[in-house]
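This report concerns the structure shown below. Please consult the sequence and the model together while reading.

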Amino acid sequence: MTGSIKLTINDISHDVDVSPIDRLSDVLRDEIGLTGTKVGCNAGDCGACTVLLDGDQVCACMTPVAQAQGRDIRTVEGLAESDMMNSLQESFLRHGAAQCGICSPGMLMAATSLLSRKGHPTREEVEDAIGGVLCRCTGYQKIVEAVLDVDRVGNVIANPGQAVGARIAKLDGREKLTGDERYGADSIPADALWVRIVRSPLPASEVEIGSFDELIAQTNGLDGVLTYRDVPFNGFGIYPVGKDQPVLAVDRVRYRGDAIVALVGHKETVRSLNLNDLPITLTEESGVSGISEARQKGALQLHDDNPGNLLTEGTLRKGDVGNVREDTDAIAQGSFETCFVEHAYIEPEAGWAKRVGDRVEIHVTTQAATMDKIEVANILQLEEDKVRIAPTACGGGFGGKLDVSVQPVLAIAAMKFDAPVACVYERPESMMASTKRHPSEITCRFGADKEGQLTFAEMTAAFDTGAYTSWGLTVADRVPVHGSGPYFVPNVEITSRGYFTNSPPSGAFRGFGVPQAAIAHETMMDDLAVDLDMDRLEIRLKNAIAAGQETATGQVLKASAGLGQCLEALKPHWQHLQSETRAFNKLHQDSPRRRGVGIGAMWYGIGNTALSNPSTIEVGIGQDGKILLFNGAVDIGQGTNTILPQICADALGLPVGDFTYIMGDTDLTKDAGKSSASRQTFVSGKASELAGIDLRQQILRHANAGEAASLELSGDRLRIDEGGLVREIDLSTLEADVDGMVFRGSGYFDPPTTTLDKNMQGVPYATYGFAAQIAEVEVDLDLGTTKVLRIKAAHDVGRAINPQQVEGQIQGGIAQGLGLALMEEYVPGVTENLHDYLIPTVGDMPDMEILIIEDAEPLGPFGAKGVGEPGLVPTAPAIFSAIRDATGVRITRAPVLPHLLRAELKKQEAANECG
Amino acid sequence: MGEYRQPHTLEELQTALKAGTAQILAGGTDFYPARVGQPLTQNVIDITRVSGLRGVTEYPDHWRIGATTTWTDIIRESLPPIFDGLKLAAREVGGCQVQNAGTIGGNLCNASPAADGVPVLLSLEAEVEISNGENVQRLKLEEFILGNRRTALQEGSVLTAILIPKPAEEDARSMFLKLGARKYLVISLVMVAMVVEMDASGKISTCRIAVGACSEVAMRLTSLEAELTGHKLTLSLLDNVTEDKVKLLSPLDDVRASREYRLDAAVTLIRRTIERLVTA
């Protein structure tokens, strides 16, 4: 039943011919073209679709369009007046409140509803107002600050040569705050065929796929069904060999969510068909769940090439652990467990594709354009240049959009049907199908002499890599390298193993196994401190690795090892917070509230592990005087669209404000590598610097000017001033290349690393990030709940190219670390939505203070390293350390849900009574 | 594609109810989440425009809360202290978006074991009014919600209002506490709602305590209520709140919390509810 419905949206009347039951969000986006309203879950769990109805915030995804009729509908597109952003949008921009930007429209509308009722709200009122909107990037602090600071005006402007280090607003901030930004689901052609992937409801099953001819003939709106028979090379995976994940199942499925077939046709038709309607027979097998089952004799073997379900096994050996273990003064040991964790980016996987002659073009949300291109070309068995990946804006990735999702089926469908095709995951599909953080079982033993100097570190780490390899090998490499912590340890032995199970593929998730290992090594440090009666910060400071010392891989750090400075910077806070919590606990000794302070430290290798990972960046000036950065690095919210121009601008000597960029399009940019491993600022940043220098050289050579000359752009005139001798170039008169550039520079950087030998000795990374965080928590002893009150985070980033963005990365990392520590546990079939899978809301976040330490990295651009992942790594250890300080309970499993902590507290109570 | 009816009067609603099988829709906050990725094909009667179904009205011996009254309506309405618990519960429902759209009637009809409105309405001795177009029937809330997602609502009937009797005493207070694993947008692990009325001498003449999310349907703890009645509202009441008082509850053992924990937390929450009432 469709009919005409009249809507008044942002003061404009619209007549739409839709069904009254249609979700308002779908009508806004699909019928009216207002794609600023985002859809993250279609279930009211994320608030991305928040709009105002008569001034009150509602989720457009739960509003029948009939109920919006006759009411005043406001969307993000209605905030700006005649292209001028309003004061709230400007405040969001000024504060860096948008990272990926997918939650920004919802946040803005929720805050608008509050501000229309209350001009000067309190922090608590702001939190209540935006409590229904989830953000996975920012940690919320800058959003709250932006709402509170709505009345102020003014933005940071960086002069030529002063872009690096300036807190300039994101260059792509405006489009994210006005609703103009186009994400994966925002630019789908109206005539696109829809692709729906039918997935396995069972974790392990044999599959028989029949003929679809009859179904297709009988079903109106079903254009076709893709099966494995349509896939030229039916396997994908991160590494050049071992592409073990089928695009579409052949005869088996290996996890709940494994792709079986893909329906192609009219949107409503493909949505209405269920597995039961299809000629598919599943015969359930007894699958493998968890590491111990995977290891069992007689367990289902997931892959023929991996007996014992063992993906990989490796051991790092430095010095001689066995020799020193016996005569060490203090030994700590323990076993730790972590579970599956979901990325929960607010933008589900989405994209569309079309065939252009013998090529395929894919517009998709991704972290890795060139990897996607190579993968799709291999699946289609085409030359790589026959595939174009045009990344859309990415609404959060965190590692989860490194593996291909919709890309292969879209490419196959576009080529087969020669029509635009689109695929957008619903939230449950996104959660079922996508990769997860590796669950881990870690056993370790650390030793120290009586002064607290570490003598050895031993660790065995087993990882559940799920059904397919994905990034399993990377995790298996990262953990031995990092497992002894950011300390100088003369003797190290660490073994890691990855096991296949009938669970979602474990992939890349901010930290590649290092956050799991950090929980273990930091508990060891606390144990040793207790054993030796030392201060927890002091023992870390004593052991903090410094330039000139050898890592576990035998790499001598040459520079930029700033853990010591981080810990020194935290010291005053450490003492202050400890005395405050002691006073609090004394005052409240009869209450169930107990406060504690804890500390966690970490290090993190920047870039791929012991592999080449180059980046090429180009920059040019056009006849019109516009500076264009050919930027192959995908901005997933972390800010490369701003960081790379900042670096390039200072290398070139022109203002960053004159920069525009092309992001990620594989037809227009060179390979800058993937946005992962905290590598883009360091690697592509260096390439941007070199590109800027190169362009400057071209210009100076053309003008016959020396190094010291200054440049100035005014429209299409470029002035070169060399000590008062001014030359002016009329750019419009110069010959342009195919891209319209009259001058062009290029930069290439590949961080110097070596492969690792059989004992995993070598130089896996060119540089490392370091950090330490202090957490203050309050535990409710009777309920086992933990509230994190404050985090002080000190991070050595080499050089903060944009301090505001560095803070944002760390704050967002802290939010994810807090989730990992306290609430996030993905259980297939149980937590496949954002109300059963909990991520932190604004009300769960502590007050965060970021202390930026700049121990310059000589290899990096202007001394910079990376910060994307380090923000998350020390948080869970710091929180666990604080819970232990408050309660005496030593945490060995993440997340420490209230019922688990309460059980430990009761155990402790009982033991104390007995003793 | 189904029929979508949007009656404006009770008469039109009656006609719509008689027209055939249809899903009643109010705020949509349970309807849409149950249909993620599915085509919306069923017949629907949207009752949000029916006049007289929204808002709180005071009568000599009771209050009437229309079924389509939203949680925000309740928060914004000026109401006596016996509704404090209901207002607290309203603030804990989802986020502001859900409070603005979700209705009190819908919360009851959806009959989730973790429904935020149920324990507090049990503690208020609420009745529901059901209409099938010809007859209007009143049922105690206990008789209306039968189990997990099961109610006494018959095909062709609609819940039109919730009726709250007025307290006998002048001094009537209420309280509500919810425990979840995060601050906003969270499904309850345990909820406790409590109403106490004090006679002129300050002794508890009426006491009602309900616990939610710890059984298929939220439950009253009648034996504990009886124990507390006749005493003054002081902290010494806490001694009565012992583990055996929650034994009749049968909470789930799931990924969010163990059964043992929920019982344990229920005891703690009951004690804290009393503490808050004492200090209120």
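Predicted model: local features only at pLDDT ≥ 70, side-chain atom pairs only at ≥ 80, totals over all residues.

Residues are numbered from 1 along each chain as its sequence is written, and chains are lettered from A and ligands numbered from 1 in the order in which they are written.

**Contact between the chains**

Chain A contributes 48 residues to the contact and chain B contributes 41 residues; two residues are in contact if their C-beta atoms, placed from the backbone, lie within 7 Å. On the side of chain A that touches chain B, at least two residues each come from strand E4 (56-59) and from helices H2 (65-68), H9 (267-272), H14 (427-433) and H23 (898-914) of chain A. Helices (H or I, at least four residues) and strands (E, at least two) are DSSP runs, numbered from the N terminus. E4(A) gives the most to this side, with four residues. The residues on this side of chain A comprise 21 nonpolar, 16 polar and eleven charged. Here Ala, Val, Leu, Ile, Met, Phe, Trp, Tyr, Cys and Pro count as nonpolar, Asp, Glu, Lys and Arg as charged, and the others, Gly among them, as polar.

Angles run from 0 to 180 degrees between N-to-C directions, and axes are lines fitted to C-alpha atoms, for helices over the stretch in contact.

| Helix pair | Angle | Axis separation |
|---|---|---|
| H21 (803-822) and H22 (875-887) of chain A | about 50° | 8 Å |
| H3 (87-95) and H6 (141-148) of chain A | about 140° | 8 Å |

The contact of H21(A) with H22(A) includes A:Gly813 and A:Ile814 of H21(A) and A:Ile879 and A:Phe880 of H22(A). Its residues divide into eight nonpolar, three polar and no charged. For the other pair, A:Ser91, A:Phe92 and A:His95 of H3(A) meet A:Lys142, A:Glu145 and A:Ala146 of H6(A). That contact has two nonpolar, two polar and two charged residues.

**A:Phe509**

A:Phe509 lies in the loop between strand E20 (491-500) and helix H16 (514-532) of chain A. A:Phe509 is buried, because 28 other C-beta atoms lie within 10 Å, the cut-off for buried being 20 or more. Beyond its neighbours within four places in sequence, A:Phe509 contacts residues including A:Val341, A:Phe398 and A:Arg437.

**Domains of chain B**

Chain B is divided into domain 1 (1-46) and domain 2 (171-279), with bounds from an automatic or database domain assignment. Taken over C-alpha atoms, the centres of these domains of chain B are separated by 36 Å.

Definitions and conventions:
Buried ≥ 20, exposed ≤ 12 C-beta atoms within 10 Å, placed from the backbone.
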